[in-house]
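Please keep the sequence and the structure open while reading.

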Amino acid sequence: MCGRAVGFAAILRIVIVSRETLQELIAAGEVVVEPLDPDHMQPASIDLTLGTHFLKVDENSIDRITLDSELRYLDLHTGADEEIVIPPLSFLLAVTRERIRLPANMTAFVEGRSSIGRIGLFIQNAGWVDPGFDGTITLELFNANRLPIRLRAGRRICQIVFAQLDRSTTRPYQGKYQHQSAAVGSRIHLDTTAADS
């Protein structure tokens, strides 16, 4: 019984990929992060930067949000030297400047940088980054303050952490957000079952 428990625990062990291993995987072309600033590589993650495309729910076009109707967004773009303002207690979708490609034996997750969170800007990626994903990362930004926050494209905004799977998946990601190159709104209305992501 004890042996089985130890074996099961070993299977569930998560291996976070180190900076050194990431450098090797990127050099071999197995993992893609482009463009990549070497200064953005951390001991166990890579800092990602803010792109120039944003989406805001078009609140004037609907009276409620449902899961089975397509949601309309306002398309917001900024230039490289322009700022985007996130009003108090407001939600925006943003995009990373970097494109990410994962092999079938790795997954990743995105977290907001600690320094960003400490000013009341909460950041997550819109979903887990599945093995086989290829594209930019759509980010969820929420300003928890009563003051607006100004952001500029190119600013380090979040960090991506890579994890090794216990084995390569036979069904790498081919979902409805594959190859996205801009901020992409929810496509939950395309789900065929409650289990779709």
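1. I begin with one cysteine. Cys 158 belongs to strand E12. The model is a predicted one, and residues are counted from 1 along the chain.

2. Is Cys 158 buried or exposed? Cys 158 has a relative accessible area of 0%, so Cys 158 is buried; the cut-off for buried is under 20%.

3. Which residues surround this cysteine? With residues up to four places away in sequence left out, Cys 158 touches Ile 46, Asp 47, Leu 48, Thr 96, Val 110, Glu 111, Gly 112, Arg 113, Ile 123 and Leu 139.

4. Arg 113, one of the residues touched by Cys 158, sits in the loop between strand E8 (106-112) and helix H3 (114-117). Which side chain of opposite charge is nearest to Arg 113? The answer is Asp 47, at 4.2 Å. Arg 113 is buried but has no salt bridge, because a salt bridge requires a side-chain nitrogen of Lys or Arg within 4 Å of a carboxyl oxygen of Asp or Glu. Apart from neighbours within four places in sequence, the contacts of Arg 113 are Asp 47, Arg 156, Ile 157, Cys 158 and Gln 159.

5. Next, the core. The largest nonpolar core contains 36 residues, and those with the most contacts inside it are Leu 121, Leu 139, Leu 151, Ile 157 and Phe 162. Strand E12 (residues 156-164) supplies the largest share of this core, four residues.

6. Phe 162 can be followed from there. Neighbours within four places in sequence aside, Phe 162 is in contact with Val 15, Ile 16, Val 17, Leu 22, Val 31, Val 33, Ile 46, Leu 102, Met 106, Thr 107 and Ala 108.

7. Strand E9 (residues 121-125) has two faces to compare. Leu 121, Ile 123 and Asn 125 form the covered face, whereas Phe 122 and Gln 124 form the uncovered one. In a regular strand the side chains alternate between the two faces of the sheet. E9 is antiparallel to strand E10 (residues 134-143), and five bridges join them. Which residue in E10 is the bridge partner of Asn 125? It is Leu 139, which is also listed among the contacts of Cys 158.

8. Two further residues deserve a look. Leu 25 lies in helix H2 (residues 19-27) and counts as buried because its relative accessibility is 13%. Leu 25 and Pro 103 are 78 residues apart in sequence, with 9.9 Å between their C-alpha atoms.

9. Ser 61 is in the loop between strand E4 (53-57) and strand E5 (73-77). Its relative accessibility is 30%, so Ser 61 counts as partly exposed. Ser 61 and Leu 71 are ten residues apart along the chain, and their C-alpha atoms are separated by 9.2 Å.

10. Last, the chain as a whole. It has three helices and twelve strands. Of its 197 residues, 37% are buried. Among contacts between residues at least 6 apart in sequence, 74% join residues at least 24 apart. The accessible surface comes to about 11,700 Å², and carbon and sulfur atoms account for 52% of that surface.

Terms used
This is a predicted model: local features need pLDDT of at least 70, side-chain atom pairs count only at pLDDT 80 or more; totals for chains, interfaces and linings use all residues. Side-chain values use heavy atoms; hydrogens and water are left out. Buried means under 20% relative accessible area, exposed over 50%, partly exposed in between (1.4 Å probe, protein chains only). Contact means heavy atoms within 4.5 Å. Accessible areas come from the Shrake-Rupley method with a 1.4 Å probe; for residues, only the protein chains shown count as cover. A nonpolar core is a set of buried Ala, Val, Leu, Ile, Met, Phe, Trp, Tyr and Cys residues joined through side-chain atoms within 4.5 Å. Two strands pair if DSSP finds at least two bridges between them. Lys and Arg count as positive and Asp and Glu as negative; His and the chain ends are not counted.
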